[in-house]
Amino acid sequence: MPVLTLDNACLAYGHVALLDHAALQVDAGERVGLIGRNGSGKSSLLKALAGLGALDDGLLWRQPGLSVAYVPQEPEFATHDTVFEAVAAGLGEVARVLAEYHEVTHKVGAGDTATMDRLEHLQAQLEANDGWTLNSRVEQAITRLALDGDARVDALSGGGKKRVALARALVAEPDLLLLDEPTNHLDVDGILWLEDLLRGYAGAIMVITHDRVFLDGVATRIVELDRGKLVSFPGRFAAYQERKEFMLNEEALANARADKMLAQEEVWIRKGVEARRTRSVGRVQRLEQLRAARAARRDQLGKVEFKVVRGDASGKLVAELEDVSKRFGDKTVVKGFSCRIQRGDKVGLIGANGTGKTTLLRMILGELQADSGQVRLGSKIEVAYFDQFRTQLDPEAPLCEIISPGSDYVEIGGSKKHVIGYLEDFLFAPQRARSPVKSLSGGERNRLLLARLFARPANVLVLDEPTNDLDIETLELLEALLQDYSGTVFLVSHDRAFLDNVVTQSIACEGGGQWKEYVGGYSDWLRQRPAAVAARFDASGGPDARPASTVGAGATAKAKPLQGRKLSFKEQRELDQLPARIAALETEQGVLHARLADPAFYLEPADKQRQAQDRLAAVDAEIDAALQRWEVLEAKA
């Protein structure tokens, strides 16, 4: 049953149509992942669905009485709000009474008896408005997100503010939850916690995110906003990638055929009247239709041209640490850590927010002195930084000045290139070269920071959360560039897929200031870490709590009760029938794949296309379930 529908929606800013007669339906209980290129209009769409922005045209229908909560990329709070006040604000009118009751309770607890009358009055108001239930809901949300209700929101980190915004949205228990980049500023354990929360959420969810692992773990359907159209892909993100590649290939072939026909017809129309023959009226009309179709076509946005100049090679040794330690007051951030970083290493730092990743990195690069131990740096080191908070970007400065201050040219690999052409490589239109930084979206600012980073020769790249706000295609291009980069890379990221695809070794925090080196990325660390560390993380709900339970121990625990038992008659019959059932499903799967590969299929009505795609997703799921059931019955037998 739909809770929200969008029909024939149009929305444009300037000459760019973000929504071009787009349609969408969100059903009760489903979890939709909304993806698309930076600047395609995802956030604008989410605001329109939340009622915070108007469409230029089209119809937006919401189920009567539908409650909607929206969490923006950069949540805003009233000045001087406490965490309790900010979270309670999600309850509407009763929020003021709850916030005042919370404040007066603290005063009474501190011995201020003059406020007792006011406390009684507030208690009466809460009883009349079911306030006790709502107060309990606020306190539960604060506890679940590990927040301090009395802390000031403006004193929190980016991750802390994001948790407050999520709590404010969840406390209202909305029917539709709209989340814009909820994983930004959260560490890996926070992301895993959010995954588990959303998978168990009863209402419908639409989430904008570029975290591929998060999408695979949460979304039941992928919706892509591409050149003004909303295209639905049932199933997980991995299934979307396969079908999207096929669709793009078919689109390129169809466009090439149309362009060839248009060129032939343009030659024909220019020949003039030959041998007193008149032109075919039908052919002239077809030419006009081809011209109109070509003019209306929106070509796919180009790809970022990533090129990084390594500069002079550093010495073979980049840094060597021997038994280094660092404390800040009573807190030990690094304790007795030793490692050796060589030229060409790609090092990922894994740890929760506040564990000291930046401190350790600064010691490796010689920017911070250790309290004890020895740090030896290599020679000819040229470091370039990517800052997740974008402090290197002056919001008032034009884009061209950020890239090449005081010059119209930037030197790349020994040759000069005009700054406007260089910005075009990063998908900035020439007319935007003089625009101020403050006019850019979050993803565009990250692209600008990458452009600035790669315009300077360096043999050591330090990337602090470079994946925030970048679209998936740009992420994959950045991955490929870093894989081929011959210099040294230090990467701090919460994107597990990005870590797995880039780094060759990881330095992970294991609690109490202890750090340890591991070969490989995030997934390799999960497999290699000591059992004691895994148990400690599992007990505290840390980064690997869910993967450990689903990949290792959970599977063993399920298998044990089956040992030594015989199959019942019904189970034996089911086991005998499973091979034939799987074979039939695989045959149907092959037929559906062949149908989707036929260009003529995309000329059929949209509802028939959707039915075939839905059936393919269902067949895929049935095959997986049948194979798992076969494995269980075989083990039991």
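Analyst: Let's start with a word we'll need: a residue is buried when its relative accessible area is under 20%, exposed when it is over 50%, and partly exposed in between (1.4 Å probe, protein chains only). This is a predicted model, so local features need pLDDT of at least 70 and side-chain atom pairs count only at pLDDT 80 or more, while totals for chains, interfaces and linings use all residues. Residues are numbered from 1 along each chain as its sequence is written, and side-chain values use heavy atoms, with hydrogens and water left out.

User: OK, is Glu-465 buried or exposed?

Analyst: Glu-465 counts as buried, because its relative accessibility is 10%. Its place is in the loop between E17 and helix H15 (472-484). Those labels are DSSP runs numbered from the N terminus: helices are H or I with at least four residues, strands are E with at least two.

User: What about the phi of Glu-465?

Analyst: Phi is positive there, about 50°, although Glu-465 is not a glycine. Most residues other than glycine have a negative phi. Glu-181 is another case, with phi near 50°. Glu-181 is in the loop between strand E6 (176-180) and H7, and it counts as buried because its relative accessibility is 3%.

User: How many residues does helix H7 have, and what should they span?

Analyst: H7 (residues 188-199) has 12 residues, which should span 16 Å at 1.5 Å a residue. The rule for the expected span is 1.5 Å times one less than the number of residues. The end C-alpha atoms are 17 Å apart, which agrees. Among the buried residues of H7 are Val-188, Ile-191, Leu-194 and Glu-195.

User: Switching to the sheets: what's the order of the six strands?

Analyst: The order is E5-E6-E7-E3-E8-E9, in an open sheet with mixed pairing. Two strands pair if DSSP finds at least two bridges between them. E5 (68-71) and E9 (229-234) are at the edges with a single partner strand each, so one side of each has no neighbour in the sheet. On average, neighbouring strands here are turned by 20° against each other, direction ignored. For such angles, axes are lines fitted to C-alpha atoms (for helices, over the stretch in contact), and the angles run from 0 to 180 degrees between N-to-C directions.

User: How many bridges join E3 to E7?

Analyst: Four bridges join strand E3 (residues 31-35) to strand E7 (residues 204-208), and the two run parallel. Leu-34, for instance, has Ile-208 in E7 as its bridge partner.

User: And which strands make the antiparallel sheet?

Analyst: That open sheet has three strands, ordered E2-E1-E4. E1 (residues 2-13) is joined to E4 by five bridges, and Cys-10 stands opposite Asp-57 in E4. Helix H1 (residues 42-49) lies across E1, E2 and E4, at about 130° to E1.

User: Which residues touch the most other members in the largest nonpolar core?

Analyst: They are Tyr-422, Leu-448, Phe-454, Leu-461 and Leu-482, in a core of 48 residues. A nonpolar core is a set of buried Ala, Val, Leu, Ile, Met, Phe, Trp, Tyr and Cys residues joined through side-chain atoms within 4.5 Å. Helix H14 (residues 442-454) gives the most to this core, six residues. A second, separate core has 45 residues, including Val-104 and Leu-186.

User: What is Leu-482 in contact with?

Analyst: Leaving aside neighbours within four places in sequence, Leu-482 is in contact with Lys-346, Leu-461, Leu-463, Val-489, Phe-498 and Val-502. Contact here means heavy atoms within 4.5 Å.

User: Last topic, aromatic pairs: how many are there?

Analyst: The count comes to four aromatic pairs. Rings of Phe, Tyr and Trp (its six-membered ring) pair if their centres lie within 6.5 Å; planes under 30 degrees apart are stacked, over 60 edge-to-face, and the rest tilted. Tyr-422 and Phe-426 make a tilted pair, 5.2 Å centre to centre with 55° between the planes.

User: Why is the pair of Tyr-522 and Trp-525 tilted?

Analyst: Their planes are at 50°, so the pair is tilted, and the ring centres are 5.7 Å apart. Both residues lie in helix H17 (residues 522-528), three residues apart, about one turn of the helix. Tyr-522 and Trp-525 are both buried.
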